[in-house]
Amino acid sequence: MSFDGYKEVINEGDTVILYLTISQVYNVKAEGKTLNKKGQQVENIFQTPYGALKCAELIGKTYGTKIQLSKGWGYILQPTPELWTITLPHRTQIIYTPDISMIILQLEIKPGSIVIESGTGSGSLSHALIRAIKPQGHLYTFDFHELRTKTAGQEFQDHGLANYVTVTHRDVCCNGFGEDLNEKADAVFLDLPHPWLAVPHAVKALKSIGGRLCSFSPCIEQVQKTCCELKNFGFQEIQTLEVLQTQYNVQIRQFPTLDVEFLKYPKTEEVEKKDREVQKCLTAIPPAQQPGHTGYLTFASLYPIWARTVNKNEVDSD
Amino acid sequence: MEQSQEIQVGDQIIVQRQGYTKLHKLKKHGNMVIGKFTVQMDNIIGQKYFDTFQMKNYSQNNKLYILEKVEDGKNVGNAVNIETSGMDNRNIVSDESAQTLTKDDIDELQNSELNSNAIVEKLINNSKTFNMKTEYSQEKYIKKKEKKYFEYLQIRKPTIRLLTNMFYRQDPTKTLGIRIDDLSQILTYANIHSDGNHLLYDSGSSGLMSAAVMNAIGANTSGTLIHMHPGNECQKNAFLAMQFPEEQTHRCINVNLYSVLRCFYQNKNSFVDNICNDTEDKSEGEPEPKKAKLDGEPTQLTPKEPQWKLDNESACKILNNKCDSLIVTAKEHPVNIVKELLQFLQGGRQMVVFSVTKEPLQDLFIYLKGRLDIIAIKLSNNFLRNYQVLPERTHPEMMMNTGGFILSAVKLNS
């Protein structure tokens, strides 16, 4: 219950981020008991490289403080969608923060927006979307995988976000987003194997005053088909882009210096053995290897009905 | 919560001519210069946003154009007939003789009637090489020429997306070099949303930062923003363009950095409630009569506190209870600013600093690493690439630009 609004103290049932180092970040639940693989109740103990953490001990602690482990220490933080994205249990490929940020800004989502997402996947983007639309807005998220929708629904419940989101099990390419959502949405997000099939349904779901659409696809062929379909259905401002983030490691490095000045003069008798000199330099080092592709983001606008170039009836009769 | 879709006098509008956009405040009987055209804007008043208008020559004045609403948007754009196309460019020699129309001929065409289709058709008919060009390059040619003589304008309501792209295209330095991907990440890494008290120091983004944060905080929510700036007046072009409702505008407290900090350090009793009244009376009581004498004014009624003073006090009240995020987008070197403002950030919360150059953030990184209350320090930048997507002709766009650098970190409770 720790995702809705800022909190000071950890309550029982909160999801807590355990930060050890920049690459060792985990989420744990502040609960004394948990179920093991056999479904039996056992003590909730989280093993870290720096020793075990009894999760019950987290209850009552303040977020943003140090916590002692048997062989070191860690820090406990309140989860944000960004921290959740790097710690969540993967059930599918997930969308990461650089793409998520772009999606939210480009879809013009703000508090009060009605947003449709398909598929739900592991809920990485969903958490960020919910943060952006709170408190008056709503997220309708769809997935064709039944278990995924159930798990995601349970997660939203546990995180105290259930009021802002409706999870539905449905194949939106075949069955659309449902009559109830006709002309309700400000924005539609598609992360589907065949996003072009969902475009006609998106047109129905977007508000009559217009809205924005985004499709995330790893392959350029998907992008191509989607762009054609978007154009057919009268979308404007169709734009495809990709964002890649590089993280730098900032270090003060010492470089040995070379001195060749002495070569200009004849050798003298007294050979002074000098220490090798070093020069300090502040450097920002990119990783040796990093993801070079996540997915193409295609954005498009559906204009209000009075400015649309493709008539809805025309499309329906096609 | 739907805002009016009707264009009204006083509205801040974005005027779009193909890819070009410009911000304009709509006045009665006002003109607007877009490209080389001076356009009389009155005819858009009372029409709807997203409507398209055609620029028409004004009979008495060659240089002035009036706008006429396009009823059927479908006819806007290319309807030029192409007769034949070539296979490739083997027979095309580029010299100045391909176009038989002279510049004066073209100017005259444009002055007689601005109609991109007609002009482009004339250009094609008088081009010796057009029919030898391939289909693709014909299309490109038409697009290029159409752009030059395009006579349609569309009126848009400003959004953060449109504003960010517009400012960046016009002059990136006017918004400190903040590109759309930079802005999007500043907002997410700082965890900006409808809840909480947020702190921003911004010295030169034309109001884009305060506008973007307030937009993410939203209308009819509980969040507030303290916007610190270094000047007498904060920059607010983009903020005004967003036309937030009054209630939302009021939750953005604009304060001068120096004067709010002076208030915070030297005038604690103006905003801290629980200071003992005795000390307050004594310290305040003494200098007052002296001042009255100097002024030599007759019986003075208690003067109304100036707005900036009230703003300082309400900002200090929030700062005293600490903020939920800290964003710094500064022209200045960030270390001193961050060093000072970090005290106002609540433990367990995020901070984000943007800079178009990496080196100042490297310094900041080392400084923060030396502090025991800062973790998860990350320095990053983005590669942003746009694509042309067309059947059989998909490729990255020819031009790209470089964004800035973002440092994010988490503060601990000490």
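Which residue in β15(A) is the bridge partner of Val250(A)? In this predicted model, where local features need pLDDT of at least 70, side-chain atom pairs count only at pLDDT 80 or more, and totals for chains, interfaces and linings use all residues, the partner turns out to be Ala284(A). Residues are numbered from 1 along each chain as its sequence is written, chains are lettered from A and ligands numbered from 1 in the order in which they are written, and side-chain values rest on heavy atoms, with hydrogens and water left out.

Strands here are DSSP runs of E of at least two residues, helices are runs of H or I of at least four, and both are numbered from the N terminus; two strands pair if DSSP finds at least two bridges between them. On those terms, β14(A) runs antiparallel to β15(A) over eight bridges. It also pairs with β16(A), again in the antiparallel sense, this time over four bridges, and there Thr240(A) has Thr298(A) as its bridge partner. A further pairing crosses to the other chain: β14(A) and strand β13 (residues 374-388) of chain B are antiparallel over nine bridges.

Now for the interface as a whole. Counting contact as heavy atoms within 4.5 Å, chain A puts in 64 residues and chain B 70 residues. The size of an interface is often given as the accessible area lost when the parts come together. Buried area here is just that loss (1.4 Å probe), summed over both parts, and for chain A with chain B it comes to about 5,600 Å², with 57% of it on carbon and sulfur atoms. On the chain A side, Tyr6(A), Leu105(A) and Trp306(A) lose the most area to chain B, together 14% of what that side buries.

What about polar links between the chains? A salt bridge is taken as a side-chain nitrogen of Lys or Arg within 4 Å of a carboxyl oxygen of Asp or Glu, and the count between chain A and chain B is four. One of them joins Arg161(B) to Glu108(A), at 2.8 Å from N to O. Polar contacts are pairs of N or O atoms within 3.5 Å; within protein, one must be able to donate a hydrogen and the other to accept it, and residues adjacent in sequence count only if both atoms are side-chain atoms. Across this interface, 31 residue pairs are in polar contact, with both residues at pLDDT 80 or more. Elements giving two or more residues to the chain A side include α1 (81-87), α2 (97-106), α7 (220-232) and β14 (236-256). The largest share, 13 residues, comes from β14(A). By residue type, that side divides into 32 nonpolar, 20 polar and 12 charged, where Ala, Val, Leu, Ile, Met, Phe, Trp, Tyr, Cys and Pro count as nonpolar, Asp, Glu, Lys and Arg as charged, and the others, Gly among them, as polar.

Over all chains, the salt-bridge count comes to 22. One within chain A links Arg91(A) and Glu155(A), with the closest N and O atoms 2.9 Å apart. Arg91(A) sits in the loop between α1 and α2 of chain A and Glu155(A) in helix α4 (residues 146-158), so the pair ties together parts that are 64 residues apart in sequence.

Turning to chain B, the domain assignment (bounds from an automatic or database source) gives domain 1 (12-74), domain 2 (83-151) and domain 3 (160-294 + 305-411). The C-alpha centres of domain 1 and domain 2 of chain B lie 26 Å apart, and 10 residues of domain 1 are in contact with 11 residues of domain 2. Together the two domains bury about 960 Å², 36% of it on carbon and sulfur atoms. In domain 1, Arg17(B), Gln18(B) and Asn57(B) lose the most area to domain 2, together 46% of what that side buries. Zero salt bridges are counted between the two domains, but three residue pairs are in polar contact, both residues at pLDDT 80 or more. β5 (52-58) and β6 (61-69) of chain B each supply at least two residues of the domain 1 side, and β5(B) gives the most, with four residues.

Gln18(B) shows up again in a hairpin: β1(B) and β2(B) have two residues between the strands, and Gln18(B) takes a positive phi near 50°. β1 (residues 12-17) and β2 (residues 20-25) of chain B pair in the antiparallel sense over six bridges, with Gln16(B) opposite Thr21(B).
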